[in-house]
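Student: I'm new to this structure. Can you walk me through how to read a few of its features?

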Amino acid sequence: MASAAFEEIAETFDFLEDWEDRYRHLIELGRAMPPLDPALRVPAIKVEGCASQVWFLPRITGHGPEARFDFQGESDALIVSGLIALLHALYAGLSLAEVGRVDAAAELARLGLEGHLSGQRSNGLRAMVARIRALAAEAAAG
């Protein structure tokens, strides 16, 4: 159920056999994300459970189960910004119901990240996925 944007990233990762190249690509994905207004970097949108500072600002379009999920995110760490870009590609544009059905662990495993992220980064990635799911569930609940 991955988006075209995520499929493109997965294909690029397949093409880039060297992990240094994959890390560079991940960093570039993060740099391409629009920055979050510094005034919005408040505790209410901070993602807990990440070693780096991470902020997610949800953007819901529409109402009810067919409302579309999007978010703007930012981190103070380059690699984490790239992980945010991966999650954005995975979730942006889905309905609120679809967000809850994404098997993020399986989709991200296709990229082979688990063996190349530190334990703290892996925990942070799980925390970001949990935050996205919670934001979508809260929006769906009204």
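Tutor: Let's start with charges and rings. A charge sits over a ring if NZ of Lys or CZ of Arg is within 6 Å of the ring centre and within 35 degrees of the ring normal. Here, arginine 41 lies over the face of tryptophan 55, 5.5 Å from the ring centre. Likewise, the charged end of arginine 22 sits over the ring of tryptophan 19, at 4.9 Å from its centre. Keep in mind that this is a predicted model, where local features need pLDDT of at least 70, side-chain atom pairs count only at pLDDT 80 or more, and totals for chains, interfaces and linings use all residues. Residues are numbered from 1 along each chain as its sequence is written, and side-chain values use heavy atoms, with hydrogens and water left out.

Student: How many aromatic pairs does a search of the whole structure find?

Tutor: Rings of Phe, Tyr and Trp (its six-membered ring) pair if their centres lie within 6.5 Å; planes under 30 degrees apart are stacked, over 60 edge-to-face, and the rest tilted. The search turns up four pairs. For phenylalanine 13 and tryptophan 19, the ring centres are 6.1 Å apart and the planes are at 75 degrees, so this pair is edge-to-face. Ring pairs also link Phe13, Trp19 and Tyr23 into a cluster.

Student: Is phenylalanine 13 buried or exposed?

Tutor: Buried means under 20% relative accessible area, exposed over 50%, and partly exposed in between (1.4 Å probe, protein chains only). Phenylalanine 13 counts as buried, at 1% relative accessibility. Tryptophan 19 is buried too, with a relative accessible area of 14%.
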